[in-house]
Amino acid sequence: MPTDIVLFGGTFDPVHNGHLIVARALAEQRGYERITLVPAASPPHKGAAEASGEDRLAMLRLAVAGEELFDICELELRRTGPSYTYDTLRELRSRHGGSANLHWVIGADMLEDLPNWRRGRDVVEMANLIVAVRPPWDRRLPAIWANLASAFPSDWTQAVLKQVVAVPLIGISSTEIRRRVAGGLSIRYLVPQTVEAYIAGHHLYHRED
Ligand code: ATP
């Protein structure tokens, strides 16, 4: 039986408890034994990360240390240039061949953008997309769907519709963490304590005065 590789990509600048809670909720709902976090070197859809890849990876390692559920894929950090999902899936496919089913978790916001992804059609052929939908995106889903239906074959959109998983709304974002650190505010309970200590110890996200 092929193993399931469930990939959860992001910038993780820094990783926060929202990421971890949502990934765990997904695993519980779908019965996944492992979620693979994939930090992007340079996400194509947004600006450069503030922390280096090395620091973001170190924080991810601290965040999931001792957690059976998580592992980390470093492929995108090792590549230079924009981190395209297509390239990552191709590398994983050539590494695992037919011994793995690849699943790629995306938020509803990213789903909306799928027609613009580099080789989006190939991405949807290579991986089973898992769409994590949190409020208020659940209300926007029909509109997103209509948009996708005009760009992708209907059998594919029907298949993706079955892969929608509702996840809780956790009011934490990396942007908020960076803003709080720059403003001298506490990030306790928003990130794992080990990550909080790393940010403080390495003076990440502090405003240069
Ligand atoms: P930023 O604020 O810098 O844009 P972020 O907090 O959204 O970052 P990313 O690393 O870009 O973090 O997110 C990786 C994935 O996790 C994305 O699919 C994103 O939608 C999802 N995600 C991030 N925060 C949450 C959250 N609080 N609840 C649910 N999903 C989240």
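The points below concern the ligand site and several local backbone features of this predicted model.

1. Ligand shell. The ligand is surrounded by 16 residues, and Lys46, Ile170, Ile172, Ser174 and Thr175 are the closest.

2. The ligand taken alone exposes 600 Å², of which the protein buries 85%. The space that the ligand takes is the largest pocket.

3. Glutamine 163 and arginine 30. Glutamine 163 is placed in the loop between helix 8 (154-161) and strand 6 (164-166), while arginine 30 belongs to helix 1. Their side chains form a polar contact at 2.7 Å. Glutamine 163 is classed as buried because its relative accessibility, 15%, is under the 20% limit. Arginine 30, in contrast, is partly exposed, with a relative accessible area of 30%. The C-alpha atom of arginine 30 is separated by 11 Å from that of aspartate 4, although the two residues are 26 apart along the chain.

4. Cis peptide bonds. Most peptide bonds are trans. The bond from aspartate 13 to proline 14 is cis, with omega near 5°; proline 14 is in the loop between strand 1 and helix 1. The bond from proline 135 to proline 136 is also cis, with omega near 0°. Proline 136 is in the loop that lies between strand 5 (128-133) and helix 7 (137-149).

5. Positive phi values. Most residues other than glycine have a negative phi. Arginine 119 has a positive phi, near 50°, and is located in the loop between helix 5 (108-112) and helix 6 (120-126). With 43% relative accessibility, arginine 119 is partly exposed. Tyrosine 205 likewise has a positive phi, near 65°, and lies in the segment after helix 10 (193-201). Tyrosine 205 counts as buried because its relative accessible area is 5%, under the 20% limit.

Notes:
Residues are numbered from 1 along each chain as its sequence is written. This is a predicted model: local features need pLDDT of at least 70, side-chain atom pairs count only at pLDDT 80 or more; totals for chains, interfaces and linings use all residues. Side-chain values use heavy atoms; hydrogens and water are left out. A residue is near a molecule or strand if one of its heavy atoms lies within 4 Å of it. Accessible areas come from the Shrake-Rupley method with a 1.4 Å probe; for residues, only the protein chains shown count as cover. On a 1 Å grid over the protein atoms alone, a cavity is a set of points where a 1.4 Å probe fits but cannot get out, and a pocket is an open set with protein on both sides within 12 Å along at least five of seven lines; lining residues have an atom within 4 Å of a point. A molecule sits in a cavity or pocket if more than half of its atoms lie within 2 Å of its grid points. Helices (H or I, at least four residues) and strands (E, at least two) are DSSP runs, numbered from the N terminus. Buried means under 20% relative accessible area, exposed over 50%, partly exposed in between (1.4 Å probe, protein chains only). A polar contact is a pair of N or O atoms within 3.5 Å; within protein, one must be able to donate a hydrogen and the other to accept it, and residues adjacent in sequence count only if both atoms are side-chain atoms.
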